[in-house]
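Hello,

Here is the model I promised to pass on. Have a look at it first, and my notes follow below.

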Amino acid sequence: MMALITKVKEYREKAKYKQSELAEMVNARRETIVHLENGKYNPSLKLAMDIAKVFDVSVEDLFEFTED
């Protein structure tokens with residue numbers, strides 16, 4: 001089984017954004033960002049791309065799949 005590793009929290013904290021601020025920027029709910037950062041939610045491709053655009057990085061910089 002594949003597990004999704006996310007660096008969203010790391011990039012968000014480095015940019016000094018609150019979860020609610022990032023959620024607003026990508027048109028998502030704050031709870032979605034919380035679950036995403038905790039590895040309990042796999043984002044849609046659009047959401048992943050929108051978040052990557054906010055931080056000016058590639059989707060691969062933010063997300064990585066690993067073997068469980």
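A salt bridge here is a side-chain nitrogen of Lys or Arg within 4 Å of a carboxyl oxygen of Asp or Glu. This is a predicted model, in which local features need pLDDT of at least 70 and side-chain atom pairs count only at pLDDT 80 or more, while totals for chains, interfaces and linings use all residues. Residues are numbered from 1 along each chain as its sequence is written, and side-chain values use heavy atoms, with hydrogens and water left out.

There are three salt bridges in the structure. One of them joins Glu 31 to Arg 29, with 3.7 Å between the closest N and O atoms.

Arg 12 pairs with Glu 37, their closest N and O atoms being 2.5 Å apart. Arg 12 is buried at 8%, and Glu 37 is buried at 12%.

Asp 50 and Lys 46 form a salt bridge as well, at 2.8 Å from N to O. Both lie in helix H4, four residues apart, about one turn of the helix.

Happy to talk it over!

Best wishes

Technical notes: Buried < 20%, exposed > 50% of the residue type's maximum accessible area, 1.4 Å probe, protein only. Helix = DSSP H or I, 4+ residues; strand = E, 2+ residues; numbered from the N terminus.
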